[in-house]
Structures are given as structure tokens and as C-alpha cells.
Amino acid sequence: MATSIKKLPDIEQVLSGNGACGGCPATMALRIVGKALGTNAIMLLTPSCSVASMGMTPKLGYNWPCINITFASAGSSASGITHALEIMKEKGRLEGELPTVFSWVGDGGTYDIGFQALSAAAERNDNIIHFCYNNEAYSNTGVQRSGATPRGTYTTTTPSGKRQPKKNMALLMLEHNIPYVATATVAYPGDLYDKVVKAKNTPGMKYIEILAPCYLGWQFDMAETVQLSRMAVRSGAWLLWEAENGKISFNSPSSNIISGKKAAEPVDEYLMKQGRFKRLLQGSDASQRIAEIQGDIDQQIAFMRERAKINI
Amino acid sequence: MKSVTKAYRPISWPMKGSGGDTGSWRTHRPVVDHNLCNKCQFCWVYCPEAVIDRIEITIDYTYCKGCGVCAEECPTGAISMVNEEEE
């Protein structure tokens with residue numbers, strides 16, 4: 001059972017009046033992450049909306065030491081910092097509990113540009129948490145396609161819809177044999193909180209991916225951010241799971257979809273809420289396009305169901 | 001060399017309002033009806049801006065951007081969005 005909302009700590013690490021858009025899912029998720037990590041942490045940011053949201057010098061919107069680094073270096077920079085902290089502790093220059101080193105990176109910095117450094121950090125099993133807040137496009141630069149963009153999506157670089165399915169990044173990270181991998185989304189804050197606490201208390205490389213429905217990129221009304229996140233989970237377009245030492249377990253409500261207790265909702269309603277799909281579903285080929293997207297989702301559900309049975 | 005004071009270092013410090021008084025971005029203002037509110041704290045947890053007080057369920061209008069997530073998620077319908085221009 002996930003932690004109930006009333007039991008979440010009071011601590012606020014995202015300060016009011018930052019530069020994020022109204023209804024931003026990234027700050028929404030970062031607030032919950034802050035509650036789990038506490039103040040003793042170091043944050044690394046690659047170019048993304050979250051850097052723009054920090055606000056203007058001399059004020060900072062996040063209550064952590066923040067380091068802005070280059071796009072491709074999330075994994076390597078975090079590794080360097082965590083190694084430096086360990087050596088400072090060894091030499092007696094640092095006392096008390098070591099700060100948690102975490103990178104807060106968008107899907108561009110994880111799926112595409114930052115993948116090489118991240119993969120290397122995972123292979124070295126360095127003691128860091130990598131958060132990917134996934135809004136399925138390069139939203140900060142005006143919505144271009146990324147490796148996380150699903151099939152049939154309108155972006156400025158795929159005006160007739162992306163033709164390729166997205167890659168399963170969380171599973172790719174799991175295949176690096178790291179101790180903890182999880183997926184979460186903003187509509188289930190208790191679930192996200194538990195996963196971050198678990199990651200904080202696990203030594204080694206941790207990877208947590210958070211689905212963040214961006215109203216600008218996805219083209220829906222900003223008040224519906226949480227609704228869209230919930231619909232993505234209920235339709236099976238986003239699966240909530242975690243893997244401790246390689247053993248996958250699914251979290252509610254995705255566990256019901258995987259076990260077959262409750263069928264996933266048809267994807268139509270989820271697609272029609274979003275302008276990025278809806279604008280391409282007006283013509284005569286609409287049903288064929290929806291079938292393609294539904295096919296990708298069904299394939300992922302079937303694949304993850306079988307993948308979870310492997311426990312070697 | 002003269003020592004550089006804190007204000008002139010190229011370093012930012014955590015404080016509220018790093019994007020200015022973001023309440024001025026708002027077109028619609030959330031208003032809480034305390035008679036309907038059951039203190040479930042859903043608005044508090046989903047607020048991206050951390051402007052809602054958890055216990056009192058009051059909103060800091062200096063920084064509230066008026067996204068409407070709180071009104072959408074409120075299970076009892078206690079929060080309504082009022083147009084800023086209609087006083």
C-alpha cells in the first residue's frame with residue numbers, strides 16, 4: 001500500500017514563485033521527490049525546463065545546492081561528485097551522513113543525448129539517483145520529437161505523426177543490472193514517494209522515471225495535468241513498476257492490468273484529450289492510426305507481463 | 001584583492017519568488033469554499049507551486065499561477081475558479 005497523502009512530510013524543497021509554467025508536472029513531481037529526499041542532497045540539472053524554472057539570479061527556486069551541467073553529462077557529473085564526497089569522507093574532511101547525489105533530467109537528457117554517460121554510470125554502479133521526468137518530447141525548445149515520443153504523435157519535427165514507437169528506457173536501465181529501477185507518475189504521489197525513499201536507502205545506481213504530462217507539448221488544458229497522468233496509467237500507456245535487484249513487481253493500478261483482474265481502458269479517450277494526437281485523428285485513416293497506437297500499448301503490456309516472470 | 005560580497009557572487013540562493021511575483025500570471029483565481037472542504041489535502045499534494053497551506057487550506061495569491069489543478073482534483077468541488085477581471 002502506498003503512503004497516504006496525509007502522511008507525507010511537510011518539508012517543501014520547491015519554493016513558490018519559481019519560473020515554471022502554471023500546472024507544470026515537473027515541479028509537481030519534484031515537490032514529492034523533495035519530501036522523500038530531504039535537505040541533505042545535491043541536485044544536478046542538464047538543460048531542460050527545470051533549469052528555466054529555477055528563476056533568475058540571485059534567487060533560486062529549489063532548496064538544494066544545484067549544479068547546471070552540459071546536456072550529455074548527467075551520468076558522469078553525478079558519478080564524479082559522489083566519488084569526491086566518498087573520498088572527502090575517507091580523508092575526514094566531511095562528517096555525518098553523505099548527501100544524496102541526484103540528477104533531475106528530462107527525457108532528452110536521458111533517452112537520447114545523455115544515454116552514453118548514463119549507461120556508463122550504471123555499469124560502474126555509482127551511488128547516484130537518476131530521475132528522468134518524461135514529457136515525451138523536447139518541450140523546453142518548442143516540442144521536438146525525442147526517443148520517448150510515442151507513435152502517432154504530432155511534434156514540430158514530426159508534423160504527420162511520429163512513425164516509430166518509443167523505447168522502453170526503464171527496461172534498458174534494468175538490463176544494466178542496477179539495484180533499483182522504478183517508473184512513477186504525478187497522479188500517484190504516495191507511490192512516487194515510496195519509490196524515492198526506497199531509492200535513497202539503496203546503495204548503488206538507481207533510476208526512476210516519472211511520466212510528466214506537459215500541457216504545452218501534449219496540447220490539453222493545464223488544469224487536466226493530473227487527469228492525463230491518471231488516464232495514461234489506466235489505459236496502460238504508462239505502466240507503474242519497480243525492480244529491486246532485477247525482480248520486477250507491478251504497482252496498483254498497473255498490477256491489475258498486468259494480472260488481468262481489470263482490463264486496460266481503451267486508449268481512444270486518452271488520445272482524444274490531447275491535441276498532439278487529436279489533430280492527426282480527423283481524417284479517414286483515424287481508426288487505423290488508433291489501432292496502431294493501441295497495438296503498441298498491448299504489445300508493451302504483454303511483453304512486460306512475460307518479462308516480469310524472469311527471475312534469474 | 002577586495003573581497004566580493006555575497007550579493008555580487010555569481011551564485012543564486014534559495015528563496016521564494018525566483019520567477020517574480022508569479023501571481024500576476026493568473027487569469028483565473030482558485031477560491032476555497034470552507035463549508036464544502038473535507039481537508040483531504042488533495043489540492044495541497046497536487047499543487048505544482050506549493051502555495052496551498054496543508055492545514056488551513058488557504059492559498060498564497062502572491063505566487064499562485066492559477067493553473068486550476070486544485071479545482072480539477074478537488075473531490076468535493078470546494079474549489080472554484082473565478083475570473084480575475086470579475087471582482
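Which residue of β7(A) does A:I129 stand opposite? The partner is A:K206, and this placement belongs to a pairing in which strand β5 (residues 129–134) and strand β7 (residues 206–211) of chain A run in the parallel sense over 6 bridges. Strands here are DSSP runs of E with at least two residues, helices are runs of H or I with at least four, and both are numbered from the N terminus; two strands pair if DSSP finds at least two bridges between them.

The model is predicted, so that local features need pLDDT of at least 70 and side-chain atom pairs count only at pLDDT 80 or more, while totals for chains, interfaces and linings use all residues. Residues are numbered from 1 along each chain as its sequence is written, and chains are lettered from A and ligands numbered from 1 in the order in which they are written.

Chain A holds an open sheet of 8 strands with mixed pairing, in the order β3-β1-β4-β5-β7-β6-β8-β9. Because β3 (66–68) and β9 (247–250) of chain A stand at the edges with a single partner strand each, one side of each is left without a neighbour in the sheet.

Where the chains meet, 31 residues from chain B and 35 residues from chain A take part in the contact, which counts residues whose C-beta atoms, placed from the backbone, lie within 7 Å. On the side of chain B that touches chain A, the largest share, 4 residues, comes from α2(B).

Conventions:
Contact = placed C-beta atoms within 7 Å.
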